[in-house]
Amino acid sequence: MSKFKVVHYINQFYAGIGGEEFADHKPELRDGPIGPGTAFAGAFGDKAEIVKTIVCGDSYFNENLGEAKETLLGMIREIDADLFIAGPAFNAGRYGVACGTICDAVSAELGIPVLTGMFEENPGAEMFKEKMLIVATGSSAAGMRKAVPTMAALALKLAGGEPIGASIEEGYLPGGARVNFFEKERGSKRAVDMLLKKLKGEPFVTEYPMPDFDRVPPNPAVKDMSKAVVALVTSGGIVPKNNPDRIESSSASKYGEYDITGVDDLTEATYETAHGGYDPSYANQDADRVLPVDVLRDLEKEGRIGKLYNKFFTTTGNGTSTKSSKLFAQEFAKKLKDDNVSVVILTST
Amino acid sequence: MVKEIERAGIPVVHICTVTPISLTVGANRIVPAVAIPHPLGNPALTAGEEKQLRRKIVETALDAACTEVDGQTVFEVNV
């Protein structure tokens, strides 16, 4: 049997081109496997071969979604592959969104089976898990060793058109698809077993998990902006120079609360970013590019807004868990509410 | 963070570059930004032009806050 032809998509970092300063790297086609592709090649053995690797910068992809997608589809169309693999992206948000977007396009427009891998909290996972198989990985590249065999096994099944088992057996994120099968035990018996476990306080697994629609309805609009207190919050990691509270550059364990009374402009000498997930040079040069204090001060002087709240709240939204972010915001939202803030502008990088 | 602020009863406008992420996360009032490393700026412009651009985005956000919405809404910046 001939080998399956696989095309692999990776970002600039995994291609060894560079970090954030090269995130604008345009799509590029290379021969053979690169970076994580060599690990896949090892796991495939003689069953499949990565014939081409596509490299694209994360910022380039996300800032030029339409154009990037068309360029990549053009490249992939020429190859006549049996399978398309992207990532794994772990908890890298832009990389995850890129992997999901391109897999979705390849599957829909070229009809080639696709596979990617992500950490369950990656925004790309929420966006695409119902549309494709996304192998559940760890949150960082340290999870590569575990992700590769799972992805490779699933990849070979997909390329060969073999049936795919349940998410819990194959290791992908549940996408909500259901398959009929015969259980060993009757429903009544399973239900009573579960009930008994529940009564005894033992762990049990529901057969019908409720979907988690965590949506918050919008609050009413601000009636009179000229009397409103406007507060600034950012996940872009803006902090006073030298990051006094040492907010981590990724996977932040805390947020900062900084007084801006009398501050009219964030300058290179006074503020910087602690965020390790984007090229910091622009924000370090002028942090107003992320946290627009200068403009809000002008609007305050002109009477367009009532007042700029005298503090801002900040953290680095870089691989920071949803659980931590939720806790941070619950805490500072209470302070904002107690101080009668009328509206929050939250900026993200 | 957007959702927790909204849940606390304060209207919140999310200014971000990758709006699909914001939609997935569940922000209700969304204003698209310029680029990931400089959402409210553009180093290619002069300082004056750049501040003007930033002001437009912030004003769009303030207008968004003054607009009643019944679901997720993206407010484009008129350049």
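The expected span of a helix is 1.5 Å times one less than its number of residues. Helices (H or I, at least four residues) and strands (E, at least two) are DSSP runs, numbered from the N terminus. Keep both ideas in mind as we walk through this predicted model, where local features need pLDDT of at least 70, side-chain atom pairs count only at pLDDT 80 or more, and totals for chains, interfaces and linings use all residues. Residues are numbered from 1 along each chain as its sequence is written, while chains are lettered from A and ligands numbered from 1 in the order in which they are written.

Let's begin with chain A, which has 11 helices and 12 strands. Of its 349 residues, 46% count as buried (20 or more other C-beta atoms within 10 Å of a residue's own, with C-beta atoms placed from the backbone).

Now find helix α8 of chain A, residues 187–200. Its 14 residues should span 20 Å, and this agrees with its end C-alpha atoms, which are 20 Å apart. α8(A) is hardly covered, with 0 buried residues. After α8(A) comes G201(A), whose phi is positive, near 75 degrees.

Next, look at where the chains touch. Residues are in contact if their C-beta atoms, placed from the backbone, lie within 7 Å. Chain A brings 50 residues to the contact and chain B brings 44. On the side of chain A that touches chain B, α11(A) gives the most, with 9 residues.

Strands meet here too: β12(A) and β1(B), residues 12–16, run parallel and are joined by 4 bridges; DSSP must find at least two for strands to pair. T347(A) stands opposite I15(B) in β1(B).

Conventions. A residue is buried if 20 or more other C-beta atoms lie within 10 Å of its own, exposed if 12 or fewer, and partly exposed in between; C-beta atoms are placed from the backbone. Two residues are in contact if their C-beta atoms, placed from the backbone, lie within 7 Å.
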